[in-house]
Amino acid sequence: MTKLAKLAEANGYTIKLLSDVLEIKYTTLISMGKRNKFTNEVIQKLATTIGVSTREIEEALKKGPVNPFIKWVGGKRQLLPELLKYMPQNFETYYEPFIGGGALFLRVAPERAIINDYNEELINTWRMVEQNPSDLIKSVSQHAANDSREYYLSLRMADRDGRIAKMSNLERASRFIYMNKAGYNGLWRVNSKGQNNVPWGAHKKVNIPTNEITNVSEYIRENDVKILQGDYRNIIDSVTTNDFVYFDPPYIPVTPTSAFTSYTKNGFGKIQQEELRDVALTLSKKGAKVMLSNADVPLIEKLYIDPIFKIHHVRAKRMINSNGLKRGKVGEVIITTY
């Protein structure tokens, strides 16, 4: 209610006075503001009473951006200005088949969306954030209170010694978030057996994403958001004309000798990159608006040679690298079909 309160006060009203004039209980008015549940009728009454336009009221009721609750390799927080510049202004349903930390998805905060990822632990965590944020925060807090190198490594062993199979979905999600926050450089990386192999990251304390979990949960529950787990191609049949699909796959290696670190046990090599390109073409022919991110490497020009693709060269700041001297701005591409 802060922005609305400031707008009201600038025009001689307090929230209490507004509640009296509109005949809406003060607590109800505040609650409506927190959840953005103002009807068009109430917005019009507010505008008329205060003496401003309905647009000014709507702007005052807008919430700030919803931030990701985890750090993810290749996350798009640093690239958001460029992504927002190139994505379409209008679309029906938002699709993100490689959701990761969901930086763009949460910044756009669409009313209708379908998100997906192959990583089972990641998607289970998204679902627990939606369904049980309070208990999840408590559980992550308990992990953080016990944080140490020994504690972290013991918990990491859960996917090797069978303990993870006995964990509840909430316990798995709590483990996932804690390990993401306590692991080296905020990585989540698995080996060919799907086992986490990130070392403990030396730190003074584990940052618990309390506000992020709460805000993401509230956003998802108040909108039409479906959370899926599986192959990204499973969603393409539901995409229709004027939907927006954003693909942020594991990137092509910058050099031919680069070790392609997998974020799932199945990997994502050249053949998978070619398949993704073909899927993008198929969706574009269906009338969908498609945007992709990838590394700025020579192979991109060959993969996306079809004239339907527009390649935009951008630079993003990357902080995850074992060699601190190699951290900094790297070349990336944003590819669009519109």
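The axes of helix α2 (residues 15-22) and helix α4 come within 11 Å and cross at roughly 115 degrees. Because angles of 65 to 115 degrees count as roughly perpendicular, α2 is roughly perpendicular to α4. The model is predicted: local features need pLDDT of at least 70, side-chain atom pairs count only at pLDDT 80 or more, and totals for chains, interfaces and linings use all residues. Residues are numbered from 1 along each chain as its sequence is written, and side-chain values use heavy atoms, with hydrogens and water left out.

Leu-18, Val-21 and Leu-22 in α2 meet Lys-45, Leu-46, Thr-49 and Ile-50 in α4, where contact means heavy atoms within 4.5 Å. By class, this contact of α2 with α4 has 5 nonpolar, 1 polar and 1 charged residues.

Helix α4 (residues 40-50) also packs with helix α5 (residues 54-61), their axes coming within 8 Å and crossing at roughly 110 degrees. That makes α4 roughly perpendicular to α5. On the α4 side the contact involves Ile-43, Gln-44, Leu-46, Ala-47 and Ile-50, and on the α5 side Thr-54, Ile-57, Glu-58 and Leu-61. The residues of this contact of α4 with α5 divide into 6 nonpolar, 2 polar and 1 charged.

The axis values for the two pairs are listed below.

| Helix pair | Axes come within | Crossing angle |
|---|---|---|
| α2 and α4 | 11 Å | roughly 115 degrees |
| α4 and α5 | 8 Å | roughly 110 degrees |

Note on methods
Axes are lines fitted to C-alpha atoms, for helices over the stretch in contact, and angles run from 0 to 180 degrees between N-to-C directions. Helices (H or I, at least four residues) and strands (E, at least two) are DSSP runs, numbered from the N terminus. Angles under 35 degrees count as roughly parallel, over 145 as roughly antiparallel, 65 to 115 as roughly perpendicular and the rest as oblique. Ala, Val, Leu, Ile, Met, Phe, Trp, Tyr, Cys and Pro count as nonpolar, Asp, Glu, Lys and Arg as charged, and the others, Gly among them, as polar.
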